[in-house]
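Subject: Structure handover

Hi there,

Here is the structure I promised to pass on to you. Please open it beside this message and read along.

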Amino acid sequence: RRKLRSEVAAAFPTLSTEQLAELVPNKEELNVIKIYSHKGEAITVYMNHRNPILFEVDKVLYPTVYTLWVYPDLLPAFTTWPPVLQKLAGGADLMLPGVVVPPSGLPQVQRGTLCAVTLLGNRAPVAVGVATMSTEEMLAAGMKGKGFAVLHTHLDHLWEYGDKSSPPTLAPLVTDSAAEESAGDEQELQGKEPGSSCSPEPQQHLDVRNLSLKDRDTELLGKEELHESRAAEPAEDASTEHQHEAEDSRTPQEQMDALFNQCFFHALKCKVKKSDLPLLTSTFLGSHMVSCCPAGKQLDIKKSSYKKFSKFLQCMQQQRILQVKELSKGVESIVDVDWKHPDIKAFAVPEGFSSASAAQDSKSEDREQVYHAPEIIPLYGVSTKMMPLFQESGHRKGSVLSSSEVRNIIINYVKNNELVDETNKNFVKVNAILCDCLLDKSEQDEISHLKWDELLSRCLERLQPLHQVTFPGQEPVVRKGNIEPIDISIAQRSSNKKVTVIKNLELYGLDPQCVANTLQQKVQASATISPAPGAKDRVQVQIQGNQIHHLAKMLLDEYQLPRKYIQGLEKAPKLGHKK
């Protein structure tokens, strides 16, 4: 703690002794965890009061937004428009056209200075970044180009490690009279049309799952810069003809945004019915919205300003058009739609589509929808008991590892400590740490050597089981424990009738209503959806008769799900046996 406090004092000399003691307390619990960015960078995070307060990259300390909310004047601050936060949290750097220049002028900084980013009207920082040029260079460049390389933002993965609170409202030290004058420019800086109903509000909570400590994508930055400079072009004198030309010359990103809006309202107006709810968001996109896409065009969320479909739906939820809920962890569904919303009522179906055929299109699309099974990877968490074995490789309690990483760590540990048996290299000598971590008390006096395979299998058994699920087009989700298989059982009902019950379909990205409809058509039997007992926010499918043969063919052959993730197939009726 003393060393950390001295490092913090050196990094942030404006902090007083009392503030240092408050930030890095003597007696209160202070936890240190290590996480990894998607490019593999090791990041050390310091936690206090269950919130990350500092993070360290390449031996350089940076404050988190939680710390900056307590000490808002710790870093020189630059202001941007509220909608820009969505782009920053999505992984973009802050471009100079998006920086608000106050009447008092910009803070004086040098290239490489650590800075905070605030939103107009609120002094509470929402991002931390490094200046890519000095203040003089920014002004000399006409406030064009990249201004700050963003390291961490409110709403990113690092923020999610804390209590997920929102920024406090702190009045600006100097009232910015330019706010009203630049209100129209705010929309232009975002590349949005003035009438757009999807401009995110400052307090909008977005589904940001990618850590903003990222590898800089030069191609992305180039697009951002081009987008910002185009959006900043004056449009005050635009006549109707000029507006039409501007629409034709929209950036590809703006065109994709407009296409998503069109397909979204078309799907809600013509495809989705109240009886379809709750509807998986992946089904809504892959089935209903795609079928509304005009010929010759293709929906691609990565080419839009939203980058993720969940962010697009959050924007629509902000407009009170629909309601999205996470019925099971990492799997979102549309649970309610306001069909009386003015935007839905005002939407006109494009030429080439007819409302009359929409319902039939929807049904056929449900049947023909291509399902892609999620990628499921078993992971392992380092427990307290196993910490001594993993400390040497720089891992701590809670570190998440794949089986191959665990294997490499164990092999390196054995070789570094010279534990390979000299007479038989298939065996490993058990030292004190291996003994404590891998052997039961009854075995500790009896076992002095372990085979390599047994050593690795014992290690995996004693680590905390986790699993990562990656649905097509979505960010990976890590959950505790082993994934529950799709559970198929046969239940007895009144009059000695049997029914087939299917549970846990949502965990694999399958829409229970869709499965029920498809199965009902295949076997010509009644199928119903009901809440799954003992599982909050999950439902089960129930269909008359023993339908496991049909269900197995659908799950294994059509949906391509691995057999190991399906439980109960052995209960299928024997062929030729009359029931």
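Below is a short tour of helix packing, sheets, a salt bridge and some backbone details.

First, some housekeeping. This is a predicted model, in which local features need pLDDT of at least 70 and side-chain atom pairs count only at pLDDT 80 or more, while totals for chains, interfaces and linings use all residues. Residues are numbered from 1 along each chain as its sequence is written, and side-chain values use heavy atoms, with hydrogens and water left out. Helices (H or I, at least four residues) and strands (E, at least two) are DSSP runs, numbered from the N terminus.

**Helix pairs**

Two packed helices are described by the angle between their axes and the distance between the axes. Axes here are lines fitted to C-alpha atoms, for helices over the stretch in contact, and angles run from 0 to 180 degrees between N-to-C directions.

Helix α11 (252-270) packs against helix α12 (residues 281-291) at about 85 degrees, with the axes 9 Å apart. The two are therefore roughly perpendicular to each other (angles under 35 degrees count as roughly parallel, over 145 as roughly antiparallel, 65 to 115 as roughly perpendicular and the rest as oblique). From α11, Phe260, Cys263, Phe264, Ala267 and Leu268 meet Phe284, Leu285, His288 and Met289 of α12; contact means heavy atoms within 4.5 Å. This contact has eight nonpolar, one polar and no charged residues (Ala, Val, Leu, Ile, Met, Phe, Trp, Tyr, Cys and Pro count as nonpolar, Asp, Glu, Lys and Arg as charged, and the others, Gly among them, as polar).

Further along, the axes of α20 (residues 512-523) and α21 (residues 548-558) come within 10 Å and cross at roughly 125 degrees, and these helices are therefore oblique to each other. Val515, Thr518, Leu519, Lys522 and Val523 of α20 meet His550, Leu551, Met554 and Glu558 of α21. Those residues divide into five nonpolar, two polar and two charged.

**Sheets**

An open sheet of three strands runs in the order β11-β13-β12, with antiparallel pairing (two strands pair if DSSP finds at least two bridges between them). Its edge strands, β11 and β12 (322-328), each pair on one side only. Six bridges link β12 to β13 (residues 331-337), and Gln323 stands opposite Asp336 in β13. Helix α13 (residues 309-318) packs on this sheet, touching β12 and β13.

Another open sheet has four strands in the order β15-β14-β18-β19, also with antiparallel pairing. Here β15 (400-402) and β19 (477-480) stand at the edges with a single partner strand each, so one side of each is left without a neighbour in the sheet. Neighbouring strands of this sheet are turned by 40 degrees against each other on average, direction ignored. Three bridges join β14 (residues 375-381) to β15, and Leu379 has Ser402 in β15 as its bridge partner.

**Salt bridges and backbone**

How many salt bridges does a search of the whole structure find? There are eight, a salt bridge being a side-chain nitrogen of Lys or Arg within 4 Å of a carboxyl oxygen of Asp or Glu. One of them joins Lys146 and Asp93 (3.7 Å, N to O). Lys146 lies in β10 (residues 146-153) and Asp93 in the loop between α4 (84-89) and β6 (94-95), so the pair ties together parts that are 53 residues apart in sequence.

Most residues other than glycine have a negative phi, and most peptide bonds are trans. Asp58 has a positive phi, near 50 degrees, and lies in the loop between β3 (51-57) and β4 (60-63). A cis peptide bond joins Leu277 and Pro278, with omega about -5 degrees; Pro278 is in the loop between α11 and β11 (279-280).

Best wishes
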